[in-house]
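This report goes through a few features of one protein chain. Look at the structure first, then read on.

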Amino acid sequence: MKLTRKMVLSRAKASELESVRKLNCWGSHLTDISICRSLPSIEVITLSVNNISSLEPVSRCLHLSELYLRKNNISSLGQLFYLKDLPRLKVLWLAENPCCSPDPRHYRMTVLRNLPGLQKLDNQTVTEEELSQALIEGEEITAAPARQASENGHPELSSELSTIDSTVDTEGDLLSDGMEETNKIREQLGMRPLPRDRFSSFSPRASSGRKKRVSVPGSTLPCTQCEDRPMGAPGLPTYPEAGLLAAPPENNILNAVLLLLKELDAKGLDIVQQTVGRRLQALRKSEVPEER
C-alpha cells in the first residue's frame, strides 16, 4: 500500500504537507513511502510494523530527529546510506528487520559507525564506548544500495524494469508537449490556461493501467510494474478521468484536443460529435475515386 497525501494529512491532522511535524502510520500495511520526500518539516516518523524496504524517501527529511521502523522488510544495511545526511537524527528503531540478523553485534556496530549522532538505537542508549568500538567493528557504507532485483541476483530483471521506467518517462515528456498545446488552444479561445497540476491525473504514471506482475525466482518480494496500456492498444497511454484513449504521443495537437474534451458538457460534446461526423464524411468522400 502506498502512503498518500490524504493519509498523511488525516493522520497528522494537518492542512498541508509542509506543516507536518509528526506522523504515526504504525501497522498500516505500507510498502511505498515516497510521499516522505514532500515532508520538509517532519521531525518524528513512526512506520513500525509495515512492509517498507527502502529508506530513500526519508533522505530528504532534514529535520527528522526520531525514526521508528521496527518490523519492516529492510533487508540490507546499505539502506543506512539514506540516513547518513540527516543531521538531527537522534533516535532510530530498526530492530526485527531482516538486516538485523544473523549477527546482531555486527548490525549494531555498523549502524553506529554510519550514524554516530544517534543517542538511542532500538530503545537502547548509545554509549561513548560503543561509538569507539563501532569505528573498529562496524562496516562503513559509502554508496547507495543496489536495486532490490540486483540484490536478489537478478540483474537482468533490474535492467528490464529500468527500461520500463525510462519508457514511461519519455511518454510523460511527450504528453507534457500536448499539455502545452492545450493551453495554447485555450488562450486562442479566450480561456485561461490550466495550471500544470490539473493534468496530473492524465500522466502515464497516474493512469489506471492493469498490473503486470513479474515473478522473481527465489525472492519473497515480487516486483509489480504498472503497465500503462489498455488491452488491445499497446503503446498508448490512457486518460481514465475523461474515458479517452490517447493519440500517438507525437501528435501534440490531437492530444491537446483530447484533453480539452474533458472541459465540455453534454451539449458541447454533441456539437463536437456532429462536427466530427460531417468532417469524416467529407474526408471519406474525397478519398473515393471518381467513376470514369
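**Salt bridges**

In this predicted model, E43 has a relative accessible area of 27%, so E43 counts as partly exposed. Its salt-bridge partner is R21, and the closest N and O atoms of the pair are 3.1 Å apart. R21 sits in the loop between α1 (5–12) and β1 (22–24), while E43 sits in the loop between β1 and β2 (44–46), so the pair ties together parts that are 22 residues apart in sequence. R21 is partly exposed too, at a relative accessible area of 46%. The count of salt bridges comes to seven.

**A network around E96**

R70, K71 and E96 are linked in a network of salt bridges. Between R70 and E96, the closest N and O atoms are 3.3 Å apart. R70 belongs to the loop between β3 (66–68) and β4 (91–93), and E96 to the loop between β4 and α2, 26 residues apart.

For K71 and E96, the closest N and O atoms are 3.8 Å apart. K71 is in the loop between β3 and β4, so its pairing with E96 ties together parts 25 residues apart in sequence. K71 is partly exposed at 39% relative accessibility, and E96 is partly exposed with a relative accessible area of 46%.

**Two sides of helix α3**

Helix α3 (residues 128–137) has E130, L131 and A134 buried. These residues cover an arc of only 100° around the axis, which puts them on the same side of α3. Their cover includes α2 (104–114) and β6 (124–125). On the face turned away from the buried side are the exposed residues E128, E129, L135 and I136.

Note on methods: Residues are numbered from 1 along each chain as its sequence is written. This is a predicted model: local features need pLDDT of at least 70, side-chain atom pairs count only at pLDDT 80 or more; totals for chains, interfaces and linings use all residues. Side-chain values use heavy atoms; hydrogens and water are left out. Buried means under 20% relative accessible area, exposed over 50%, partly exposed in between (1.4 Å probe, protein chains only). Helices (H or I, at least four residues) and strands (E, at least two) are DSSP runs, numbered from the N terminus. The arc is that of the directions from the helix axis to the C-beta atoms. Contact means heavy atoms within 4.5 Å. A salt bridge is a side-chain nitrogen of Lys or Arg within 4 Å of a carboxyl oxygen of Asp or Glu.
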